[in-house]
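Please examine the sequence and the three-dimensional structure shown here. The paragraphs that follow lead through selected features.

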Amino acid sequence: MTYVALCTLLALGDDLSRVDRGGIMRTLRRLQREDGSFSSVSSSSSRIGTGRRRDGAGGGVEEEEEEECDDDDDDDSDLRFVYTAAAIRHLLLVTAAAADDHDDDDDDHLDRDGPSTEEANDEYDDIDVSSATSYVLSCRSYDGALGLVPGGEGHGGSTFCGIAALRLLGTLDDALLDGSSSSSSSSSSYAGGETGGGWREDLVRWCVSRQRSVLPPPGKTTTTTTTTTTVANDDDAPVVAPAASAGMQGRPNKPEDTCYSYWIGGTLSLLSESDLIDRRALREYVMSCQGPSGGFGKVEGATPDLLHSFYSLAWLALSDERGLCDANDTSGGDDDDGDDEGHRSKLIRTLSELDCALGVCSKRVGRRAIG
């Protein structure tokens, strides 16, 4: 809820200057477990002395004990919370700090990645970045994706959470070089800068493979196309020409879903590899899931809902990055389809630039987009 609250404040134009950054950072530190993950709520079942000092009731100085998360507690602890912790840390230590310097018009001093541990510790109690990074790496699956927990099946949502968390923590580039994606190497701790077989190639391959084929088998049709053209092959059997749209699935052998346009497409964007997918076809799939009264559903014909509407718009904002998605768009002419396509592209270009890692409009966080 803290992550949602901070993002909501930013979306409403707040500069976070009234937020108790120190208090939130201390809470994040308490929520971190020994394995590097984070609990969703604080626990009072285990406490440790931290050496912190505060004014006592009688004017003296007392040592303040700080709650520590109990790893045996039965609460959620997976990559979702590593991501939200990394995002909160980033918002407080980078984005909010940038708002304090209104006189500096040059944002080049803001790092593309997250703040270093040394920078964070100068003012606040920081989380254990190395431990958090190790936990993300321990969630790698044999196929290059990330599961929600160690040993879990690779999934689009958890993969985005892990990659975005590493980007926000400032450890992504080194982590991608750290070992392979096999489960046997996932237990090794992250030290930074280690090189091995490399994880990046497997990860990118897995993400790119999640886009459903734009060319159905001969004689078959697909329900995910917005337009189909029937042609004949050598045996005069009807086939369908390449589809105009191709959505993303969250894992192998699953149907497309608009939210994975962002989870998978966003992951590739953070890796600077989004040009490896057919962004035009993905964009068309997302647009085909728009309801007649507005909003987006998870699949074509589904009732629009807030979650899929948000992630559909988020992907559409990303789909025009560097202008590549609209390189061949027709903005005019006598062809009605061309007019419609050009109008659609113009509307997409009016969407605000998205900070992919944070899921917030870039202009609201006062910096260039991450990814």
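Asparagine 253 is exposed, with a relative accessible area of 78%; exposed means over 50% relative accessible area, buried under 20%, and partly exposed in between, computed with a 1.4 Å probe on protein chains only. The model is predicted: local features need pLDDT of at least 70 and side-chain atom pairs count only at pLDDT 80 or more, whereas totals for chains, interfaces and linings use all residues. Residues are numbered from 1 along each chain as its sequence is written, and side-chain values use heavy atoms, with hydrogens and water left out.

Asparagine 253 lies in the loop between strand E4 (238–240) and H9. Helices (H or I, at least four residues) and strands (E, at least two) are DSSP runs numbered from the N terminus. Although asparagine 253 is not a glycine, it has a positive phi of about 65 degrees. Serine 272, in the loop between H9 and H10, is a further residue other than glycine with a positive phi, near 60 degrees. At 45% relative accessibility, serine 272 counts as partly exposed.

The protein chain as a whole has 13 helices and six strands. Of its 371 residues, 48% count as buried. Contact means heavy atoms within 4.5 Å; among contacts between residues at least 6 apart in sequence, 66% join residues at least 24 apart.

In soluble globular proteins, nonpolar side chains tend to be buried together. A nonpolar core is a set of buried Ala, Val, Leu, Ile, Met, Phe, Trp, Tyr and Cys residues joined through side-chain atoms within 4.5 Å. The largest nonpolar core here has 74 residues, and those with the most contacts inside it are Tyr83 and Tyr262. Helix H3 (residues 79–99) gives the most to this core, with eleven residues. Setting aside residues up to four places away in sequence, tyrosine 83 touches Tyr3, Phe160, Cys161, Ala164, Ala165, Leu168, Ala357, Leu358 and Gly359.

Helix packing comes next. Two packed helices are described by the angle between their axes and the distance between the axes. Axes are lines fitted to C-alpha atoms, for helices over the stretch in contact, and angles run from 0 to 180 degrees between N-to-C directions. The axes of helix H6 (residues 156–169) and helix H9 (residues 258–270) come within 9 Å and cross at roughly 35 degrees. H6 passes H9 in a left-handed crossing, the near helix being turned anticlockwise from the far one by less than a right angle. On the H6 side, the residues that meet H9 include Phe160 and Ala164, and their counterparts in H9 include Tyr262 and Trp263. The residues of this contact divide into eight nonpolar, five polar and one charged; Ala, Val, Leu, Ile, Met, Phe, Trp, Tyr, Cys and Pro count as nonpolar, Asp, Glu, Lys and Arg as charged, and the others, Gly among them, as polar.

H9 also packs against H11, at an angle of about 35 degrees and with the axes 7 Å apart. This crossing is left-handed. Among the residues that make the contact are Thr258, Cys259, Tyr262 and Trp263 of H9 and His308, Tyr311 and Trp315 of H11. By class, the contact of H9 with H11 has eight nonpolar, seven polar and no charged residues.

Tyrosine 311, in helix H11 (residues 306–319), is buried, with a relative accessible area of 17%. Leaving aside neighbours within four places in sequence, tyrosine 311 is in contact with Cys259, Tyr262 and Trp263. Tyrosine 311 and threonine 258 are 53 residues apart in sequence, yet 7.2 Å apart in space, C-alpha to C-alpha. Histidine 308, likewise found in helix H11, is buried, with a relative accessible area of 9%. Its side chain is joined to that of aspartate 257 by a polar contact of 3.0 Å. A polar contact is a pair of N or O atoms within 3.5 Å; within protein, one must be able to donate a hydrogen and the other to accept it, and residues adjacent in sequence count only if both atoms are side-chain atoms.

Helix H10 (residues 279–288) is mostly covered, with nine of its ten residues buried. Aspartate 278 caps the N-terminal end of H10, a side-chain oxygen lying 3.3 Å from the backbone nitrogen of arginine 280. Helix H5 (residues 129–138) is also mostly covered, nine of its ten residues being buried. The N-terminal end of H5 is capped by aspartate 128, with a side-chain oxygen 3.3 Å from the backbone nitrogen of serine 130.
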